[in-house]
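I opened this entry to keep track of what I looked up, item by item. The notes follow the order in which I went through the chain.

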Amino acid sequence: MEGIQLFKVKSSWIFCGIFLSFSVFSLPAQNLVPNPGFEIYTVCPPWINLGTPLECIPWISPFNTSDYFHGCADPVAVGVPSNFQGYQYAHTGFGYTGMYYYIEDQNYREYVQVQLLQPLEADSCYLVGFWMNLANEGCGVNHTGALLSVGPPTWPYSNPTLDWGGELFTDTVEWVYVFDYIIANGGENYITIGNFYNNAQTTIDPDCPWQFVYAYYYVDDVIVQKTPPENIVLDLGGPETA
Ligand SMILES: [Ca+2]
């Protein structure tokens, strides 16, 4: 069963990838994510998020308190590049978000979430991706992802649409691009980013030197973009019994 699922993922990636390569000269597709680089804000973020809405509208912090960082803010708290989780310039511009992916002995999670500019179309192919960086003060984990859903999810411990796992994400210097090509079911109009696996399913860096073991990641430049042409037919073929 697991092997078949993997093959499906690989097939959709190949199909979308091929069409992407043939569509270089077509009109540029629209990024369906509003404020994708977290550069637009209501007010300069005054402090670490203690429960107020994120300033980088229309992004929100569902369930708990993810943070908004910007170069305008206090470097002791949520400044860029210096802030309470470490030191990191934005991937682009001056702003990004940050969230806990793991805390030892707790299934505490933080996410960032936004409504897309328009719902995804059924059976169409989309590029889904974002840039992430491990904050200096924490340790790496082996899961990251994005959930595309019809309406906001009630609690995102469910299979993420963009599902990266396996190796530990431990780069505290370079931004890492996490992406995949997906076939939409249709109607998905929300994206939620974070770790969608509980602690039992998540591996934390075994070499973590800190006494308080947690993972905190910065996120910048989110993309959900239709990959033309439209109406791609996903023909699995191949080893059905793999
Ligand atoms: Ca940015």
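Entry 1, terms. For His-70 I found Gly-95 of β4 as the bridge partner. I note here that the model is predicted.

Where pLDDT is low, the predicted coordinates should not be read in detail.

I counted 1 helix and 11 strands in the protein chain. Read from the N terminus, the order is α-β-β-β-β-β-β-β-β-β-β-β. I then looked at contacts between residues at least 6 apart in sequence: 79% of them join residues at least 24 apart. Of the 242 residues in the protein chain, 36% are buried.

In what order do the 5 strands of the open sheet lie? I read β1-β4-β11-β6-β9, with antiparallel pairing. At the edges are β1 (67-70) and β9 (176-183), each of which pairs on one side only. From one strand to the next the twist averages 35°. As background, strands of a sheet pair through backbone hydrogen bonds, either parallel or antiparallel.

I then followed β4 to its partner β11. Residues 95-103 form β4 and residues 214-226 form β11, and the two pair in the antiparallel sense over 6 bridges. Thr-97 has Val-219 in β11 as its bridge partner. How many of the 9 residues of β4 are buried? I found 8, so by the cut-off of 20 or more other C-beta atoms within 10 Å this strand is mostly covered.

The largest nonpolar core has 52 residues, and Ala-215, Tyr-217 and Val-219 touch the most other members. I listed the strands that each supply at least two residues of this core: β1, β4, β5 (112-115), β6 (125-134), β7 (143-149), β9, β10 (190-194) and β11.

Leaving out residues up to four places away in sequence, Ala-215 touches Tyr-100, Tyr-101, Tyr-102, Gly-138, Cys-139, Gly-140, Val-141 and Ile-204.

I located Asp-205 in the loop between β10 and β11. Is Asp-205 buried or partly exposed? It has 19 other C-beta atoms within 10 Å, and buried would need 20 or more, so Asp-205 is partly exposed. Its contacts, apart from neighbours within four places in sequence, are Cys-139, Gly-140, Leu-168 and Thr-170. The C-alpha atoms of Asp-205 and Gly-140 are separated by 5.3 Å, although the two are 65 residues apart along the chain. Gly-140 is also on the list for Ala-215.

Most residues other than glycine have a negative phi, and most peptide bonds are trans. I looked for exceptions.

Ile-57 and Pro-58 are joined by a cis peptide bond with omega about 0°. Pro-58 sits in the loop between α1 (2-22) and β1. Another cis peptide bond joins Val-80 and Pro-81, with omega about 10°. I placed Pro-81 in the loop between β1 and β2 (82-83).

For positive phi I noted Asn-35, near 45°, in the loop between α1 and β1. Asn-35 is partly exposed, having 15 other C-beta atoms within 10 Å. I also noted Asp-123, with phi near 65°, in the loop between β5 and β6. Asp-123 is partly exposed with 14 other C-beta atoms within 10 Å.

Notes:
Residues numbered from 1 in each chain as written. Predicted model: local features only at pLDDT ≥ 70, side-chain atom pairs only at ≥ 80, totals over all residues. Pairing = 2+ DSSP bridges. Helix = DSSP H or I, 4+ residues; strand = E, 2+ residues; numbered from the N terminus. Axes fitted to C-alpha atoms, helices over the stretch in contact; angles between N-to-C directions. Core = buried A, V, L, I, M, F, W, Y, C linked by C-beta atoms within 7 Å. Buried ≥ 20, exposed ≤ 12 C-beta atoms within 10 Å, placed from the backbone. Contact = placed C-beta atoms within 7 Å.
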